[in-house]
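Here is a short report for a first look at a protein model. Keep the sequence and the 3D view open as you read.

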Amino acid sequence: MGNKYTGKIFTVEILAILIGLIFLIPFYYVVSNSLKSFSEILTNTSSLPSVLQFQNYVNAFEQLNYLKVFTNSLIVTIASNIVLVVFCSMAAYMLVRTKKRISNVIFMLFVAAMVIPFQSIMIPLVKTAGTLGLLNSIWGLVIMYLGFGSGITIFLYHGFIKGIPVELEEAAIIDGCTPFGVFWKIVFPLLKPITVTIMILNSLWIWNDFLLPSLVLQDPELRTIPLATFFFFGQYTKQWDLALAALVLGIIPLLIFFFSMQKHIIKGITSGSIK
């Protein structure tokens with residue numbers, strides 16, 4: 001019986017490894033082709049590079065104006081995460097602790113907003129943003145990310161806060177803590193696991209987003225990394241060697257962030273499932 005069970009586990013592990021390797025195939029193509037010359041990419045995309053063309057990265061770095069577009073992406077991602085965490089955590093807390101029908105209605109509206117396709121509201125969004133003066137502005141883009149990210153962020157916070165004992169807050173109030181102080185001094189520190197999880201998920205989305213910044217940011221000086229990478233693809237010429245090197249340059253900061261926070265996202269997911 002034990003050998004049979006061990007055999008099943010071994011089979012599942014082999015299957016998981018094979019599936020993992022399949023998911024890594026796109027990364028192989030991106031990295032290997034980013035180190036080839038343009039002619040070699042056209043000749044054989046699947047082979048390893050015959051000569052490592054590190055000059056691709058140097059050229060992509062210069063033509064992207066990488067430090068500028070990296071800074072823009074970093075500002076948008078960090079600012080969007082801050083406003084999402086601050087506003088959505090407070091909103092979720094009030095929705096959980098306010099035992100009224102209107103709280104359930106508002107929460108359901110946020111959840112329902114998660115299933116609305118972005119493409120269906122692109123045109124009204126651009127018109128409204130133009131009226132409010134939010135176009136061609138990094139901070140206007142941050143405000144839009146607050147709107148689009150609120151649904152999933154409030155949903156995750158809502159489920160986590162329900163597992164926090166009310167007695168902790170009541171004890172703080174008896175000690176003279178204000179409602180604002182109760183949240184920031186008692187409740188919010190307990191939200192660290194889910195907050196890190198939310199920040200990682202939102203960072204993956206915001207950092208890699210192309211469509212919304214392409215609608216909002218027209219000034220070349222405001223381009224994010226995905227927008228800047230897109231301009232390697234012209235009407236008649238596609239600079240695959242530089243574009244793929246630019247993609248790798250864009251992925252590296254996100255990979256560093258993700259792996260440094262990996263233990264926190266696992267902790268957040270497991271804590272949320274237990275609660």
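Is Phe258 buried, partly exposed or exposed? Phe258 is partly exposed, with a relative accessible area of 25%. Buried means under 20% relative accessible area, exposed means over 50%, and partly exposed lies in between, for a 1.4 Å probe and protein chains only.

First, the ground rules. This is a predicted model, where local features need pLDDT of at least 70, side-chain atom pairs count only at pLDDT 80 or more, and totals for chains, interfaces and linings use all residues. Residues are numbered from 1 along each chain as its sequence is written, and side-chain values use heavy atoms, with hydrogens and water left out.

**Aromatic rings**

The structure holds 15 aromatic pairs. Rings of Phe, Tyr and Trp (its six-membered ring) pair if their centres lie within 6.5 Å; planes under 30 degrees apart count as stacked, over 60 as edge-to-face and the rest as tilted. Two edge-to-face pairs are listed here.

| Pair | Centre to centre | Between the planes |
|---|---|---|
| Phe183 and Trp184 | 4.9 Å | 80° |
| Phe258 and Phe259 | 5.8 Å | 75° |

Phe183 is buried, at 3% relative accessible area. Phe259 is exposed, with a value of 52%. Phe183 and Trp184 also belong to one aromatic cluster with Tyr93, Phe180 and Phe188.

A charge can meet a ring too. Arg223 lies over the face of Phe231, at 3.7 Å from the ring centre. Here, "over" needs NZ of Lys or CZ of Arg within 6 Å of the ring centre and within 35 degrees of the ring normal.

**The nonpolar cores**

In soluble globular proteins, nonpolar side chains tend to be buried together. A nonpolar core is a set of buried Ala, Val, Leu, Ile, Met, Phe, Trp, Tyr and Cys residues joined through side-chain atoms within 4.5 Å. The largest one has 37 residues. Leu141, Met144, Tyr157, Ile161, Val187, Leu191 and Leu212 touch the most other members. Among the elements that give this core two or more residues are helix 4 (66–97), helix 7 (138–161) and helix 10 (192–208). Helices are DSSP runs (H or I, at least four residues), numbered from the N terminus.

Which residues does Leu212 touch, not counting those up to four places away in sequence? They are Phe118, Leu125, Leu141, Met144, Tyr145 and Phe148. Contact means heavy atoms within 4.5 Å.

**The largest pocket**

The largest pocket has a volume of about 480 Å³. On a 1 Å grid over the protein atoms alone, a pocket is an open set of points where a 1.4 Å probe fits, with protein on both sides within 12 Å along at least five of seven lines; lining residues have an atom within 4 Å of a point. The volume is the space filled by probe spheres set on the points, which are joined across faces, edges and corners.

This pocket is lined by 22 residues. Ala113, Met114, Phe148, Gly149 and Trp205 lie nearest its centre. Helix 7 supplies the largest share of the lining, 9 residues.

**Two loop residues**

Asn65 is in the loop between helix 3 (55–64) and helix 4. Its phi is near 55°, a positive value in a residue other than glycine. Asn136 is in the loop between helix 6 and helix 7, and its phi is near 55°.
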